[in-house]
Amino acid sequence: MRNLTDAEVTGFADEIARDGVAIMEGAIEPDFLAEIAAELERLETVRPGGDIPPGPFTGFVTRRWFDLLNDGEVWQRVAIHPWVMQVLPKVLGDGFLLSTMGSAVVGDGEAAQMIHTDDSVYLFPRPHPNLVCNTMWALSDFTLDTGATRIVRGSNNFADDPDMTGKTEYEWTPLEMPAGSVAFVVGTTYHGAGHNVSGSDRVALTINYCNGSMRQQENLMMAVHPARMLTFPSELQDILGFRNCKGAGHMFAQDPRQEMLRHYGPADPNDPYMERRNALHAERLRERLASASDDVADRQDVQLRDSVGNTD
Ligand SMILES: O=C(O)CCC(=O)C(=O)O
């Protein structure tokens, strides 16, 4: 794949600063897209229904798989997409990190998600520097009918965070883009998944990055066995947290990889836990279901029975 020109990188960064969003069409080459789609199909068989129980915010017929770096090798390439890696330093600064990787396969009939921002996970009042930049990967067409993300353009420059009571109507536009596109959605932009009335899945990924001074949303450093992480491409290791950011992230005031090699090396892609990980799927979801509120639990229970079998 060719690199973006400097003018293209600047163009995307300017658009993100102005509108809070920018679309790169043709960013996912057809073979790459097919590999990701096949991996999602595999996940549907090993962890049916996604990794989190259905709920009002995450969706009732939306499949979200996480901890993807412990799945197929393709996710390592998704995390360091060359165009994304070119644009992000202009949005988040040089020490940016991978924050969370998930699928967002929005099933037919899913209601629209509440309008929210992705940096609300950090309790900093506006205005603040960019803390988060999400990338929405369209593996199928994003249209109004398929539930394209609803975007409030320019809201990244609003003075306040969105009203999360659900009482405020925002003027949104659908993030329409053809399959194969990747859209940047900066963390301050008001947005939410749309209502899917298309009769089929809206297949997408949300690959989310943060400023290097922030804690990552998914606990990526603890999720992947250190010896396995040492087999990842160094660019991916960097954004997992091995690259120091202004002195944060060091071990003995040096790049942590040097000490990790002594402690855990040599690099080894095999993690015996992985054998059990998928098998524990139903147990994990059941435990979470037990702590869900009653109204949600009734709906979740039906979903869970469908996805992982009897919950009794
Ligand atoms: O799937 C989408 O269109 C947006 C998803 C999203 O914003 C979220 O889950 O936080």
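## Basis

The model is predicted: local features need pLDDT of at least 70, side-chain atom pairs count only at pLDDT 80 or more, and totals for chains, interfaces and linings use all residues. Residues are numbered from 1 along each chain as its sequence is written, and side-chain values use heavy atoms, with hydrogens and water left out.

## Overall fold

The protein chain has 11 helices and 10 strands. Helices (H or I, at least four residues) and strands (E, at least two) are DSSP runs, numbered from the N terminus. The radius of gyration (over C-alpha atoms) is 19 Å, close to the 20 Å from the globule rule for 312 residues, so the chain is as compact as a globular protein of that length. That rule is 2.2 Å times the number of residues to the power 0.38.

Along the principal axes, the C-alpha atoms fill a box of roughly 50 × 50 × 40 Å. Of the 312 residues, 52% count as buried (under 20% relative accessible area, 1.4 Å probe, protein chains only). Among contacts (heavy atoms within 4.5 Å) with a separation of 6 or more, 80% join residues 24 or more positions apart.

## Helix 1 against helix 4

The axes of helix 1 (residues 6-19) and helix 4 (residues 82-92) come within 9 Å. They cross at roughly 45°. Axes are lines fitted to C-alpha atoms over the stretch in contact, and angles run from 0 to 180 degrees between N-to-C directions.

Helix 1 contributes Val 9, Phe 12, Ala 13 and Ile 16 to the contact. Helix 4 contributes Gln 86, Val 87, Lys 90 and Val 91.

Terms used. Buried < 20%, exposed > 50% of the residue type's maximum accessible area, 1.4 Å probe, protein only.
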